[in-house]
Amino acid sequence: MSNSEEGMVGRFLDELDPVVFVFGALLTVGVIVAFFVDRSFVAGGIETVHGEMLSYMSWALLVIVFLVVVFLLYLIVGPWGKLKLGDEDPEYSFLSFFAMLYSAGFAAGVVFWGPTEGLFYYDDPNPLFGVEGGTAEAIPLAVQQTLFHWALPQLAVFTIMGIAIGYFAYNYDKVPLRASSALTPIIGKDNLDGPVAKVVDILAVFATIGGVATSLGFIGSQFVSGLEYQWGLSFGDTGILLVVTTMTILFTISMVLGIDKGIRRLSNFNMGLFVVIMLATFILGPSMFLLLLGSQAIGGMISNFVSMSLYTGAGDGGTGWVESWTVFYWAWALSWSPFAGLFIARISKGRTIREVAFTGIVATSAATIPWFTFVGGTAVFLQDTGGADFGEVIAGEVGAEVSGFILFDALPFGAIFMVAFLVLVTTFFITSADSSTLAVSMMTTGGKESPSTINRVFWGVVLGLTAAILMILGGEGGAGALEQAVVITGAPFAIVCFLAMLSLIKNLSGTNGRVLLQEETVIVGSTERRSDDPTTTAEPGDDD
């Protein structure tokens, strides 16, 4: 072994957080092995736990995500928004920062569900509105529901974790970049290497691998389906492994190049192609109808935001619908929140809380809303008018990943669109994979901003293999079972996100003044102030 190789291996071993790395790796690999040993038993067990968790926690997910959205909106307009994450200047331009945040966060899901999701709501609308499916009245509600699911709330759970991790990591000494750091004021700075922090970080690794790999499995399926739909290229298990292996190599190269040379450049390309496809769909589709539809859907989302956020379906038989869609999306987003939050924190140094909150939920929503309006609205319009037939997708006879190709096939220059769509699917796959791999590497090294190449490549291979396995098992129910497992791992992060919000409130109100109450107000206990009462401190966790 050469000196350089010894140096790489030595750095890999020296930087590891052995507890988080070993347990995170064992949990991830253990799930994969368990599926091969007794897939039906594991799938049945996961389904049972998934059902019980939804029964008891669905309301909590809805309430917590709603509160996080409200808090982030307050940070944008309130006095705490001017505080910075660290003392340095921002490392990236705003446009690059936005592109990386958007691409790494959930853009792969946006591309996958853009042409598809509105079709399901058109066929089966939210029971909250009491509208019959498959009618003209259901069209704006279908787009409105899609915008609600993919605008503020999903983005909010990523953003709150990013702000909490970044604020405590960059503003205080010896607070590392990892998921557990978001809870610094609650668990105490001296306990960031304690058992509570370790549990949070291990679950963060497991949730990230499961959530991201499931999503990448979807995107990989979309790529393979596109090749089969357009050119008749049928892939067996070997072909799927080759496709995902190629993508894994590509995102590993991008990851090794680093954020500036790899992720940043690819993210900028993604956003450019994303905008081109979106605008072309608008121009070649029913343009005036889409403008009218978008205005009505946005207005409906704003006016019904509170009721849609807190609707549980109690009393009118809608609980199943809410759990299948809204609660599932929130739980899935929460499974991404440790990785997305950590990556957001990594690229947000030097920015204000207001900038990060605004970019995380407003600027990204401004990009997401037109995409779902133009692409999803066109699909619903074509289904309603008979311009294209998505009946097999709606009925579940073919996968949802086919919708984009049916849509673009019905538009002029369809073949060009589908090639561009496949490229977009691939590049978003790569950016989501390399940024999530970087985040997992950071989690397993105690918060290193630039983990070793060996560490990043290891997790890249694990992520790629997991995505490939999900694609292969998908036809036999394996992917569905893993999605349920993602809900199981993601739902507990609703508590973590809620505690991260409380951590920010606790620290910011202690160091920068209360917002609603005057400083002398005693919230609990006697109103008499003793001479030995503790004074406000700047260090999180020291005022416990």
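Visitor: Leaving aside neighbours within four places in sequence, which residues is Ile 160 in contact with, and what makes a contact?

Guide: With those neighbours set aside, Ile 160 is in contact with Val 68, Phe 71, Leu 72, Cys 497, Met 501 and Leu 504. The word contact is used because heavy atoms lie within 4.5 Å. This is a predicted model, in which local features need pLDDT of at least 70 and side-chain atom pairs count only at pLDDT 80 or more, while totals for chains, interfaces and linings use all residues. Residues are numbered from 1 along each chain as its sequence is written, and side-chain values use heavy atoms, with hydrogens and water left out.

Visitor: What makes a set of residues a nonpolar core, and how many residues does the largest one have?

Guide: The members must be buried Ala, Val, Leu, Ile, Met, Phe, Trp, Tyr or Cys residues, joined through side-chain atoms within 4.5 Å. The largest such core has 162 residues, and Ile 160 is one of those with the most contacts inside it, along with Leu 72, Trp 371 and Leu 504. Helix 14 (residues 319-347) supplies the largest share of this core, 19 residues. In soluble globular proteins, nonpolar side chains tend to be buried together.

Visitor: How do you know whether Leu 119 is buried or exposed?

Guide: Buried means under 20% relative accessible area and exposed over 50%, with partly exposed in between (1.4 Å probe, protein chains only). Leu 119 has 1% relative accessibility, so it counts as buried. This residue lies in helix 6 (residues 117-123). Beyond neighbours within four places in sequence, its contacts are Ala 379, Val 380, Gln 383, Phe 390, Ile 394 and Ser 403.

Visitor: Is Ala 333 buried or exposed, and where is it found?

Guide: At 3% relative accessibility, Ala 333 is also under the cut-off, so we call it buried. Ala 333 is found in helix 14, and apart from neighbours within four places it touches Gln 154, Val 157 and Phe 158. Its C-alpha atom is 9.5 Å from that of Phe 493, a residue 160 places away along the chain.

Visitor: What makes a stretch a helix, and how many helices does the protein have?

Guide: Helices are DSSP runs of H or I with at least four residues, strands are runs of E with at least two, and both are numbered from the N terminus. By that rule the protein has 21 helices and 0 strands.

Visitor: How do helix 7 and helix 14 cross?

Guide: The axes of helix 7 (residues 138-150) and helix 14 come within 9 Å and cross at roughly 35°. Such axes are lines fitted to C-alpha atoms, for helices over the stretch in contact, and the angles run from 0 to 180 degrees between N-to-C directions. On the helix 7 side are Gln 145, Phe 148, His 149 and Trp 150, which meet Trp 321, Trp 325, Thr 326, Tyr 329 and Trp 330 in helix 14.

Visitor: What makes the pair of Tyr 167 and Phe 168 edge-to-face?

Guide: Their ring centres are 5.6 Å apart and their planes stand at 75°, so the pair of Tyr 167 and Phe 168 is edge-to-face. Tyr 167 and Phe 168 are buried.

Visitor: Where is Phe 413 found, and is it buried or exposed?

Guide: Phe 413 sits in the loop between helix 17 (403-409) and helix 18 (414-443). Its relative accessible area is 59%, so Phe 413 is exposed. The phi of Phe 413 is positive too, near 60°.

Key. Phe/Tyr/Trp six-rings, centres within 6.5 Å; stacked < 30°, edge-to-face > 60°.
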